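Welcome, and thanks for taking a look. Could you keep the viewer open while you read, and pick out the residues as they come up?

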Amino acid sequence: RDCNRYMLLGCVEEFKGRGKDYGIVEDVKEEVKKVLERMYEECDVVVSSGGVGRGEKDYLKECLEDIGVTIMFDRMFMKPGKPTTFGVGEKNGRKIIFFAFPGNPVSAGVCARLLLEPALQVLRGRVSGGGPSGGLAGVRVRGKLLKGVVLDKIRPEYHRVIVRYGRKGFEAVSTGVQRSSRICSMVDEGGETSNGLALLPSAE
């Protein structure tokens with residue numbers, strides 16, 4: 001039930017950052033605001049998961065604004081990760097950036113890979129990637145999906161896949177059902193961990 005915390009701390013370590021664990025915060029506005037204020041004082045980059053939807057107890061965006069953070073965006077046209085919120089603030093002459101990812105574990109993991117990793121690389125002074133595309137979030141390649149998948153009707157999707165190099169170039173196989181709440185979509189039926197994200201267009 002607490003997989004996001006360990007996953008995001010692991011991502012920060014993998015991305016060469018130093019994580020600080022603030023634990024689980026109750027869905028009480030005063031508690032959310034209190035912890036965000038501590039993070040504002042102590043961190044350069046704040047990462048959270050949950051509380052960014054449109055539910056009556058999703059207080060995160062409101063609390064960020066209350067402590068002086070400017071919300072740059074609170075929706076992304078992608079799947080998974082639509083409710084992702086990003087903000088910037090300044091405290092005692094320091095600039096702080098805030099990533100508020102959705103609570104679904106797959107959404108949080110995919111958004112960390114796509115957004116948090118390049119942000120930390122830039123903060124560490126890296127301005128271009130080492131892959132063929134020069135991207136900061138890993139290496140981008142063109143490949144072929146070996147089996148058909150159902151496209152989302154509206155949004156482009158980052159589909160979890162197993163990527164291999166075959167006789168005719170890169171090949172990818174879906175890990176199966178892609179629900180953002182299904183952390184098992186990070187592995188295939190045989191237990192092999194996804195090592196790539198296939199960017200798929202919408203059906204329209």
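The numbered points below go through side-chain contacts, cysteines and a surface patch.

1. A word on the source: this is a predicted model. Please read every distance and angle below with that in mind.

2. Let us begin with the aromatic rings. Searching the whole structure gives 5 aromatic pairs. In one of them, Tyr 40 and Phe 98 have ring centres 5.5 Å apart and planes at 80°, so the pair is edge-to-face.

3. Phe 86 and Phe 99 are another pair to find. Their ring centres are 5.1 Å apart and the planes meet at 45°, so this pair is tilted. Phe 86 sits in strand E3 and Phe 99 in strand E4, so the contact ties together parts 13 residues apart in sequence.

4. Please go back to Tyr 40 for a moment. Lys 91 lies over the face of its ring, 5.4 Å from the ring centre.

5. Next come the charged side chains. How many salt bridges does a search of the whole structure find? The count is 15. In one, Glu 62 is joined to Lys 29, with the closest N and O atoms 2.4 Å apart. Glu 62 is in helix H3 (residues 60-66) and Lys 29 in helix H2 (residues 29-42), so that this pair links distant parts of the chain, 33 residues apart. Both ends are partly exposed: Glu 62 has a relative accessible area of 37%, and Lys 29 has 24%.

6. Lys 34 is partly exposed at 46%, as is Glu 31 at 31%.

7. Helix H3 has a further contact to look at. Lys 61 and Asp 74 meet in a salt bridge, at 2.5 Å from N to O. Lys 61 lies in helix H3, while Asp 74 is in the loop between strand E2 (70-73) and strand E3 (85-91), so the pair ties together parts 13 residues apart in sequence. Lys 61 is partly exposed, with a relative accessible area of 32%. Elsewhere, Asp 2, Arg 5 and Asp 21 are linked in a network of salt bridges.

8. Now for the cysteines. The search of the whole structure finds 0 disulfides. For Cys 11, the nearest cysteine sulfur is that of Cys 111, 11 Å away. Cys 11 counts as buried at 10% relative accessibility, and Cys 63 counts as buried at 0%.

9. Val 139, Val 141, Tyr 165 and Phe 170 make a nonpolar patch of about 410 Å². Val 141 lies in the loop between helix H4 (105-123) and strand E5 (143-145). Val 141 is partly exposed, with a relative accessible area of 42%.

Notes: Residues numbered from 1 in each chain as written. Predicted model: local features only at pLDDT ≥ 70, side-chain atom pairs only at ≥ 80, totals over all residues. Heavy atoms only, no water. Patch = residues over 30% accessible without salt bridge, like charges linked within 9 Å, V, L, I, M, F, W, Y side chains within 5 Å. Areas by Shrake-Rupley, 256 points an atom, 1.4 Å probe, with all protein chains shown as cover. Salt bridge = Lys/Arg side-chain N within 4 Å of Asp/Glu carboxyl O. Helix = DSSP H or I, 4+ residues; strand = E, 2+ residues; numbered from the N terminus. Buried < 20%, exposed > 50% of the residue type's maximum accessible area, 1.4 Å probe, protein only. Disulfide = S-S within 2.5 Å. Phe/Tyr/Trp six-rings, centres within 6.5 Å; stacked < 30°, edge-to-face > 60°. Lys NZ or Arg CZ within 6 Å of the ring centre and 35° of its normal.
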